[in-house]
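Subject: Structure handover

Hello,

Here is the structure I said I would pass on. My notes on it follow below.

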Amino acid sequence: MTQTATVTALPAVPGGQVELTIVRQTACGHSCDRCAGKARELVIRAGSDIPVALGDQVEVYSDNRVLGAAALVYGLPVVLFLLGYLLPSSLPEPGRCLCGGLGFALGLAGAIACDRLVKKRSGISYRIVRKL
């Protein structure tokens, strides 16, 4: 997965990590200012084999764990909700809704726990692939 970023700080040590700012794209693809929304900026650190300067626009590659994490965060709560709602078919409707809600809550808790574990261990690695 590649994104466009701006170099905001250079490494103190040669060969160190460069600090970048990425403006997250909206899902609708429009300017957030038009609908009173705010585009969020994400500050990351990335390795670079090419020389960069402050203010340079660069293309950043992130490993595929980003997609796996997104699938986990969005998919796990939905799957556990459906299992909690559909499996106990002998329960009355309010009981099935309660089981579905509990499954959804467990899915969110699991996604949060996995997110914290990934951040604690190694996080997601980024690499500058080219200057724009």
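In which helix does Leu 86 lie? Leu 86 is part of helix H1. Please keep in mind that this is a predicted model.

Overall layout

The protein chain contains two helices and five strands. Along the sequence these elements come in the pattern β-β-β-β-α-α-β. Of the 132 residues in the protein chain, 23% are buried. The accessible surface is about 9,100 Å², and carbon and sulfur atoms account for 63% of that area. Among contacts with a separation of 6 or more, 67% are between residues 24 or more positions apart.

The strands

Going through the pairings, strand S1 (residues 2–9) runs antiparallel to strand S2 (residues 18–23), and three bridges join them. Here Val 7 sits opposite Leu 20 of S2. S2 is also joined to strand S3 (residues 41–48), again antiparallel, by six bridges. Leu 20 has a bridge partner in S3 as well, namely Ile 44. Strand S4 (residues 57–62) and S5 are antiparallel, with five bridges between them. In that pairing Ser 62 stands opposite Tyr 126 of S5.

Ser 48

Ser 48 belongs to strand S3, and its bridge partner in S5 is Ile 128. Is Ser 48 buried or exposed? With a relative accessible area of 19%, Ser 48 counts as buried, because the cut-off for buried is under 20%. The side chain of Ser 48 comes to 2.7 Å from the backbone oxygen of Ile 50. Neighbours within four places in sequence aside, Ser 48 is in contact with Val 18, Arg 127 and Ile 128.

Arg 40

Arg 40 is found in the loop between S2 and S3. Its relative accessible area is 57%, so Arg 40 is classed as exposed, the cut-off being over 50%. Which residues does Arg 40 touch, not counting those up to four places away in sequence? They are Ile 22, Val 23 and Arg 24. Val 23 and Arg 40 are 17 residues apart along the chain, and their C-alpha atoms are separated by 5.9 Å.

The nonpolar patch

Back to Leu 86 and helix H1. Leu 86 is one of the residues in a nonpolar patch on the surface, together with Val 78, Phe 81, Leu 82, Phe 104 and Leu 108. Together these residues have about 500 Å² of accessible area. Two elements each give two or more residues to the patch: helix H1 (65–86) and helix H2 (93–121). H1 supplies the largest share, with four residues.

Regards

Conventions
Residues numbered from 1 in each chain as written. Predicted model: local features only at pLDDT ≥ 70, side-chain atom pairs only at ≥ 80, totals over all residues. Heavy atoms only, no water. Patch = residues over 30% accessible without salt bridge, like charges linked within 9 Å, V, L, I, M, F, W, Y side chains within 5 Å. Areas by Shrake-Rupley, 256 points an atom, 1.4 Å probe, with all protein chains shown as cover. Salt bridge = Lys/Arg side-chain N within 4 Å of Asp/Glu carboxyl O. Pairing = 2+ DSSP bridges. Buried < 20%, exposed > 50% of the residue type's maximum accessible area, 1.4 Å probe, protein only. Contact = heavy atoms within 4.5 Å. Polar contact = N/O pair within 3.5 Å; in protein donor to acceptor, adjacent residues only side chain to side chain.
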